[in-house]
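Please walk me through this structure feature by feature. I would like to learn how each one is read.

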Amino acid sequence: MRLFLPAGAALVAAVLSWPSLSAQAPGAATPAVPAPPRLVVVVAVDQMRADYVSMYGAHWKAGLHEIFNNGAYFVDAAYPYGGTKTCAGHSSIGTGTVPATHGMIDNEWYDVETRAFVTCTEDATAQSMRFPIGSGNEHHSGARLLVPTLAEQVAEQRHGRVVSVAGKARSAIGLGGHGGPNAVIVWQEDSGSWATSSRLARVRSPEIVRFVRARPAFSLGDQTWGRFLPEASYRFEDAAPGEPADNTFPHLFADPIRTARTTQTIEDFWARTPALDNYIGALASSLVADLGLGQRPAATDVLTVGFSALDLVGHTYGPRSHEVQDVLARLDQTIGQLLSLLDRAVGRDRYVLALSADHGVAPLPEQAAAGTDAGRITSLLPTGRAIDGALRAALGPGRYVEAISSTSFYFRPGVLDRIKATPAAANAVQSVLLGTKGVQAMYWSWDLASATPTTDPVLAMMRKSYMARRSGDLVIVLKPLWVLGTEANHGSPHDYDTHVPVAFYGAGVKAGRYGGPATPIDIAPTLARLAGIRLARTDGQVLSDALTRPQP
C-alpha cells in the first residue's frame, strides 16, 4: 500500500581452505574435516507459511517431500522482526541479518531526503538489460542493501560464482547481492521480460540469452491452468468467502481486450500461475548445467532461487484456497526436478541446500469464524487525515502528515520534534490511532530507535525492522486477523506472517525434525559454517544440531 498526502591437490586445497574451528593442543592429532560443498543452494518460496507443510504436505511426493522428510527441518522457525515483507525477508535470508542491519526494511518506503517513494532495489543509475536484447523501464540494483550476502562472501572466499534467479528483482537481489563479473542475477520484469541491470553485470549472460530464445515464457493465445491433483485431494471450500467471485478452476488466461484503463496482458495472468515457478526452476537448472556449477573441486559456487508464484497467487486467493494448494503441489514437482539435476550434475554429497520463505500470510478475514475480531483496513488515508486534524487542535493550523507507506506514517520536516516536545500532541495522535478499528498498537520512532530493554515483545520485534531515515516517524501494528488492503496480506509480527519453514538438505546435514529457537536469519551463518567461510556480519546463529561436520 502506498499513499501520498500532498506535500588430490584440489582436495588438499579444499581441506586447507576450511578455517580452524577449535584450538588444538600442541602435538594433538587434528581431526579430519570434510571438504566444503562444491555448491551451496538457497531456495526461497515467497509467502510459504510453515503450517502449509502439515496442511498440504501429504500430497507432496517429490522435492518438497524430500527436503522436509529427509532433511533437517526446524519446525518452530520464525522471523524475529515485525516487518514481514518480501524485500526484508529475502535480504534477511540472503545476508543472515535483520532489516535494521541490512536496511531493506520494506518493499517500499518514503525517502525523506528526496520526498518521494522509493522501492528497495530502485536505482536511477541502473539500466535494464533484458534478455535476449533490449532494455526496459525498470531500474534495479543492490545499492540500498547495506550488507554483503552469503552468496557474495562464499564466492569471494571460495573462488566461486553466484547465480540468482527469481520472479522478482527484490528477491533475486536480496538473495544474490550486488552483482559483479562472477555473478548472474536475473528476474522477471513487470512487462514479462527477463532482465538484469547494468549495475549488476556488464554484459548479458549468453546462457540466459540462449535459454530465453529457445523457450519463450508464454505464447499468445488461450491457455488454461487446471488442477494438478484430483479435486477431492484439495482441502477446504473452493471459491470461499473473500476469494475472487466466479474465479475457479480451470483458470483461463489470455490477452484481454485493451481499454484506456486496462493494462493487464497475458504476461500478468501467466505470472500468477504455477507456470512462473516452472519457468524459474527450468532456468535455474539450465544455468547449473551450462555454467558447470559445483564442478570445481577447489571452489564453491552459490545458486539462489526465488520461487514467486505462491505469493502472487496467495494474495489473490488466500492461504486456504485450492489455488495455493495447487501451486505447492506443482512446486513440489519443480523442486524435485531441480534436486534430480543436482544429484546428477554435482552429486548428493557435494551440495547443500537450504529452503525457507520470506514471510507468511494472514487468513482472509472473510473466512474468520462468526464473532471473531477480524477485518480489513482498506486505506489509511482517512487515519492520516484524522491525525492531521488532531495535530491542528494541539499545535495550531497547518498540515502535518506528509506520507503513508504501508503501516508507517511520515511527518513533514520539524513536526516530529514539535510532537515530542508537546505531550498533548503526542497523546492526540495516540488517541486517533488506538481508536482506529483494527489497530493493536502504535510506536514512535524514538521508541523504535531506543536500545533500552523492553518487556513488550512486539516492540522488540518492530525494533529489528527499524532504520532511521528509512522507517516512518511512527508505525502501527494491526490486530491479529486484521489486514491492510483488499486482498490477502502480510507484514505483521503475528505468527501467521512470521512462522515459516527452515530446512536444510544435502552435504553435512543431519536429517531430522528439530524444535527450539530457529529463524531464517540463521540460514546464512549455518551455510557459511558448512562452506568454510566467515561472514562479515550476522545477527543469526549456527544451527549446529543439524550439522554432521565437526563443531567448535
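The dialogue below takes up the sheet, its helices, the cores and the aromatic rings.

Q: What should I know about the model and its numbering?
A: This is a predicted model, in which local features need pLDDT of at least 70 and side-chain atom pairs count only at pLDDT 80 or more, while totals for chains, interfaces and linings use all residues. Residues are numbered from 1 along each chain as its sequence is written, and side-chain values use heavy atoms, with hydrogens and water left out.

Q: In what order do the strands of the open sheet run?
A: Strands (E, at least two residues) and helices (H or I, at least four) are DSSP runs numbered from the N terminus, and two strands pair if DSSP finds at least two bridges between them. Here 10 strands form an open sheet with mixed pairing, in the order β6-β9-β8-β7-β12-β2-β13-β20-β3-β21. Its edge strands, each pairing on one side only, are β6 (128-131) and β21 (512-514). From one strand to the next the twist averages 20°; axes are lines fitted to C-alpha atoms, for helices over the stretch in contact, and angles run from 0 to 180 degrees between N-to-C directions.

Q: Which strands does helix α3 touch?
A: Contact means heavy atoms within 4.5 Å. Helix α3 (residues 63-70) packs on the sheet and touches β3, β13 (351-356), β20 (502-506) and β21, with its direction at about 95° to that of β20. Helix α19 (residues 523-531) lies across β2 (39-45), β13 and β20, and runs at about 175° to β13.

Q: Is strand β8 enclosed or open?
A: A residue is buried under 20% relative accessible area, exposed over 50% and partly exposed in between (1.4 Å probe, protein chains only). In strand β8 (residues 183-188), 6 of the 6 residues are buried, so the strand is largely enclosed by the rest of the structure. Ala183, Ile185 and Trp187 are buried on one side of β8, and Val184, Val186 and Gln188 on the other. Strand β7 (residues 162-166) pairs with β8 in the parallel sense over 4 bridges, and Ser164 stands opposite Ile185.

Q: How many residues are in the largest nonpolar core?
A: A nonpolar core is a set of buried Ala, Val, Leu, Ile, Met, Phe, Trp, Tyr and Cys residues joined through side-chain atoms within 4.5 Å. The largest has 114 residues, of which Met48, Trp194, Leu303, Phe504 and Leu527 touch the most other members. Beyond its neighbours within four places in sequence, Leu527 is in contact with Val40, Val42, Leu150, Val352, Ala354 and Phe504.

Q: Why is the pair of Phe74 and Tyr514 stacked?
A: Rings of Phe, Tyr and Trp (its six-membered ring) pair if their centres lie within 6.5 Å; planes under 30 degrees apart count as stacked, over 60 as edge-to-face and the rest as tilted. By this rule there are 15 aromatic pairs. The rings of Phe74 and Tyr514 have centres 5.1 Å apart and planes at 20°, so they are stacked. Phe74 lies in strand β3 and Tyr514 in strand β21, so the pair ties together parts that are 440 residues apart in sequence. Phe74 counts as buried at 4% relative accessibility, and Tyr514 counts as buried at 14%.

Q: Which residue has its charged end over the ring of Phe236?
A: A charge sits over a ring if NZ of Lys or CZ of Arg is within 6 Å of the ring centre and within 35 degrees of the ring normal. Arg320 has its charged end over the ring of Phe236, 3.8 Å from the centre.
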